[in-house]
Amino acid sequence: MDGEPFSLGLRRDADQALILGEPLGRGAMGVVRAVTRKSDGCTFALKTIPKAGPQSLAGQTPTGEAMTIWERKVRDEVSLHFALGASLDIVTLHDGFEDEAGVHLLIDLCDGGDLLSGASVAHSTEDEDNAVVPKNDDDDEEFSADSSSNSSNAAGVNCVGECWTPFSEATAAPMIRGMLRALAACHEHGVVHRDVKPANFLFTREPDGRNRLKLSDFGLAGEFLFISVWAISMTSCFFSSHLVAARNTDGTVRHVRVPLTGDGTATSVRFQG
C-alpha cells in the first residue's frame with residue numbers, strides 16, 4: 001500500500017464483485033457510475049471518491065493540511081452514511097470498497113433526476129408513503145390541455161428545466177413529508193446532514209414502478225453531540241435554525257445548524273419555482 005494516502009478498512013474486491021457501467025455524472029469530488037452486482041444481478045450506483053482529494057482530479061498536489069481535512073471528510077461520510085442503515089427516504093449505502101486510488105460507495109441507483117430536474121415524475125399523483133406515479137394525459141384536464149399537441153411533454157417527460165412549473169400542494173405534500181422523514185431519520189441516528197438542498201433529493205424507481213424521493217450526499221455530514229436550549233431566529237415570521245454541536249469521527253467538534261433552512265428552501269422552490 002505504498003503511496004496510499006489512507007485506508008478505511010473497506011473491501012478491496014470491487015473488480016470481482018461489480019460490473020462497471022457508464023458514468024452517470026462527474027463532479028469536483030469524483031464520479032458516479034452505474035454498476036451491477038455480480039452475486040445477484042442487482043443494479044446500483046457506485047460513487048467514487050479520490051483518496052488524493054479533489055485537487056488531484058485537476059492535476060494539483062494537495063498540501064498536508066488539505067489531505068488531513070480531506071481524509072476526515074471521507075471517513076465521516078462513510079461512517080455516518082453506514083450508521084443510517086436502510087431507509088425508504090434516504091439513499092442507502094449498501095457496501096463500501098476501496099483501493100489505492102479511491103473509496104467506492106455502493107448506493108441506491110437514483111436515475112430519475114433531482115428535486116428540480118426530475119421532470120419524469122413532476123406533477124404526479126401520490127400515495128401516503130411518498131411513492132409517486134406519473135399521470136396519463138387524460139387523468140386531469142389541466143394535463144390534457146398542456147400536452148394535447150405533444151405527448152412527449154405529458155407529466156413533464158422530456159421537459160427538463162425550461163418548462164418546469166411549480167407543484168401543486170397535493171403533489172408536493174407527500175414529497176415534503178418524505179423529506180422531513182429523511183431528516184428525522186438522520187437526527188434519530190445522531191447525524192446532521194448539513195447540505196440539504198433540492199439537488200440532494202433524488203428520485204428513484206421502486207420495484208413496483210413507483211417513484212420515490214430520497215435524500216443523498218453525506219459528504220458534509222456530522223455527528224450530533226447535543227442540541228442547545230436556545231435558537232437564533234432568522235426572521236420574525238419564518239422559521240428558526242437551531243444550533244447544534246457536531247463531532248467529526250476524529251473527535252474534533254464544530255457548531256452547525258440543523259438543516260431546517262435547507263428543507264424550507266427546497267419546499268419553497270417546489271411551490272414557487
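A residue counts as buried here when its relative accessible area is under 20%.

**View 1. The whole chain, seen as a predicted model.** By that cut-off, 44% of the chain's 273 residues are buried. The chain holds six helices and 13 strands. Look at contacts between residues at least 6 apart in sequence, and 59% of them join residues at least 24 apart.

**View 2. An open sheet built from five strands.** Reading across, the strands come in the order S1-S2-S3-S5-S4, and their pairing is antiparallel. The edges belong to S1 (18–27) and S4 (93–98); each has a single partner strand, so one side of each has no neighbour in the sheet. On average, neighbouring strands here are turned by 25° against each other, direction ignored.

**View 3. Strands S1 and S2, joined by a hairpin.** Seven bridges hold the pair together in the antiparallel sense. Two spots are handy for finding your way: Leu 18 sits opposite Arg 37 in S2, and Pro 23 sits opposite Arg 33 in S2.

**View 4. The next hairpin along, S2 to S3.** This time five residues lie between the strands, and Gly 41 in the turn has a positive phi of about 75°. S2 covers residues 30–37 and S3 covers residues 43–50; they run antiparallel, with six bridges between them. Thr 36 has Thr 43 as its bridge partner in S3. Arg 33 turns up again here, with Leu 46 in S3 as its bridge partner.

**View 5. Helix H3 lying across part of the sheet.** H3 takes in residues 64–84 and lies across S3, S4 and S5 (102–107). Against S4, the helix runs at about 145°.

**View 6. The largest nonpolar core, with 21 residues.** Ile 90, Cys 186, Val 191, Phe 201, Leu 213, Leu 215 and Phe 218 have the most contacts inside this core. The elements giving two or more residues to the core are H3, H5 (169–188), S9 (201–205) and S10 (211–215). H5 supplies the largest share, eight residues. A second, separate core has 15 residues, including Trp 70, Val 74, Val 78 and Cys 110.

**View 7. A closer look at Val 191 and its contacts.** Which residues does Val 191 contact, leaving aside neighbours within four places in sequence? They are Leu 80, Leu 84, Cys 186, Phe 218, Ala 221, Gly 222 and Phe 224.

**View 8. Ala 182, a residue of helix H5.** Is Ala 182 buried or exposed? Its relative accessibility is 0%, so Ala 182 counts as buried. Setting aside residues up to four places away in sequence, Ala 182 touches Asp 89, Ile 90 and Leu 215. Val 91 is 91 residues away from Ala 182 along the chain, yet their C-alpha atoms are separated by 9.5 Å.

**View 9. Lys 51 over the face of a ring.** The ring belongs to Phe 6, and Lys 51 lies 5.6 Å from the ring centre. As for aromatic pairs, a search of the whole structure finds zero.

Technical notes. Residues numbered from 1 in each chain as written. Predicted model: local features only at pLDDT ≥ 70, side-chain atom pairs only at ≥ 80, totals over all residues. Heavy atoms only, no water. Pairing = 2+ DSSP bridges. Helix = DSSP H or I, 4+ residues; strand = E, 2+ residues; numbered from the N terminus. Axes fitted to C-alpha atoms, helices over the stretch in contact; angles between N-to-C directions. Contact = heavy atoms within 4.5 Å. Core = buried A, V, L, I, M, F, W, Y, C linked by side-chain atoms within 4.5 Å. Buried < 20%, exposed > 50% of the residue type's maximum accessible area, 1.4 Å probe, protein only. Phe/Tyr/Trp six-rings, centres within 6.5 Å; stacked < 30°, edge-to-face > 60°. Lys NZ or Arg CZ within 6 Å of the ring centre and 35° of its normal.
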